[in-house]
Amino acid sequence: MASSSVALILLTLALGSLLLVWWARRRPRGRSVCVVVLGDVGRSPRMQYHALSLARRGFDVTMLGYCGSRPHSELLSNKKIHILDLPEIKRIPVGPQICQYGIKVVIQAVYLLYVLLLKTCPVVYILLQNPPGLPSIAVCWVVCCLRRSKLVIDWHNYGYTIMGLTHGFAHPLVQLAKWYEKLCGRLSDLNLCVTNAMREDLAKNWNIRAVTVYDKPASFFTCTPLEKQHHLFMKLSHSYSPFKACTEPLDPIFERSAFTELNTRSRKVLQLDGRPALLVSSTSWTEDEDFSILLKALAKFEQWIVDGENLPSLVCVITGKGPLKEHYGQIINQLCLKHIQICTPWLEAEDYPLLLGSADLGVCLHKSSSGLDLPMKVVDMFGCCLPVCAIHFQCLHELVKHEENGLVFVDSEQLAAQLKMLFSEFSRPDNKLNQFRKTLKESKQLRWDESWEQNVFPLLTHT
């Protein structure tokens, strides 16, 4: 009786395995892509743009990723895009750190394999964001082999360099991650990357041929009309005091924010005389962005105002989510600034472009962990014709041209001096900020859709 039960179990497993192989090896559907983001889809704009571009070209798109933040409404309303939620797996806080990480990776690999084989239909391409590539590169390659799909890796950075910021580059875990990334990265059929510097590094040190596809702003990153600026400021004023008017208008027909005033009869919006300047930065609050540089520069700017320099008050908005937000929030709360207000909101996907298009200056503190990727926030700011001060790193020159479309700094002293120079003639229409803005408008930047059509779509039709 026992032997019969064992035989039945073995037969069931064998039949199940055959069924799984049959399921996996079905022919891919024509013009279908699975976009894999082992991260928050809402905080992965480049992969959202890929999905939208693919859908416009008639591809059926399945997106796999964490649904922590709300993606852009255009993605959610597109009938050719289906988002499949992956649960975010945390490390089990038991045992040595390397064991915790190993267990997490194994669980992620098993679950991702299960979802790709049993929850999605066979596709022509799997488009994978890297990082994170551990364990997703290996899992996606296995699925591609079983289903005769093609693996496309979009290299945004190197995952091991991000781990190195926390653990140190000599840590065994970081070295293991580097070996894995270098080995498995060669298994792909096609590689995209974000800079020429990364393309050259992949070819020289990893023996991987890639095509540079620069980040470009989506069409909705543009200058924000005054009417929409006012609506945004009034909306934000309900939650964030820096957007509230300092004084209420005497005439009730006027509606006022800290920056604008609406005549409710004529529906005309004007910028307030003597309004504060609006400075914007965005971040994922990680180790590769040192916000103490900005805070020190703001403290120096405050002192200049106190000393009688002709400078406007500032509203500094730092958007984003991430592990170090609470740390910097405590530092900000300890600052005693009278002429500078700082707030750290998380904006809806539709409000972020509106804020950039309403601001006077953008500041970027992103320093690439590898030195080979570019900050997408600057791309978005340039799309809104917003002048930028960006911290220097290895390949920044591929995006920011010092004194042409923005300014580059190396420390808080330089940033403070740049803020002083840019805002010293804030009320004048021909000030330096407006000169930069004019240059950005005249540059007629290529948008994501045009760039994707020129650089990515031809690759998909010939691979």
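Residues are numbered from 1 along each chain as its sequence is written, and side-chain values use heavy atoms, with hydrogens and water left out. Because the model is predicted, local features need pLDDT of at least 70 and side-chain atom pairs count only at pLDDT 80 or more, whereas totals for chains, interfaces and linings use all residues.

Strand 8 and strand 9 (residues 260-263) form a hairpin with 3 residues between them, and the two strands pair in the antiparallel sense over 3 bridges, with Asn263 in strand 9 as the bridge partner of Phe254. On its other pairing, strand 9 runs antiparallel to strand 10 and is joined to it by 4 bridges, and Leu262 stands opposite Val269 in strand 10. The hairpin of strand 9 and strand 10 has 4 residues between the strands, and within it Arg267 takes a positive phi near 65°. Both faces of strand 9 are covered, since Thr260 and Leu262 on one side and Glu261 and Asn263 on the other are all buried, where buried means under 20% relative accessible area, exposed over 50% and partly exposed in between (1.4 Å probe, protein chains only).

A parallel arrangement is found around strand 4 (residues 125-130), which pairs with strand 1 (residues 32-40) over 4 bridges and with strand 5 over 6 bridges. Val33 has Tyr125 as its bridge partner in strand 4, while Leu128 has Ile153 as its partner in strand 5. The chain crosses from strand 4 through helix 5 (residues 136-147) to strand 5 in a right-handed β-α-β crossover, a term meaning that, with the strands pointing away from the viewer, the path from the first strand over the helix to the second runs clockwise. In a regular strand the side chains alternate between the two faces of the sheet. Accordingly, Tyr125, Leu127 and Gln129 point one way from strand 4 and Ile126, Leu128 and Asn130 the other way; 6 of the 6 residues of strand 4 are buried, so this strand is largely enclosed by the rest of the structure.

In the loop between strand 4 and helix 5 lie Pro131 and Pro135. The peptide bond from Asn130 to Pro131 is cis, with omega near -5°, and a cis peptide bond also joins Leu134 and Pro135, with omega about 10°. His156 is placed in the loop between strand 5 (150-155) and helix 6 (159-167) and is buried, with a relative accessible area of 17%.

Cys385, in the loop between helix 13 (376-383) and strand 15 (388-391), has a positive phi of about 55° although it is not a glycine, and is buried at 9% relative accessible area.

Methods. Two strands pair if DSSP finds at least two bridges between them.
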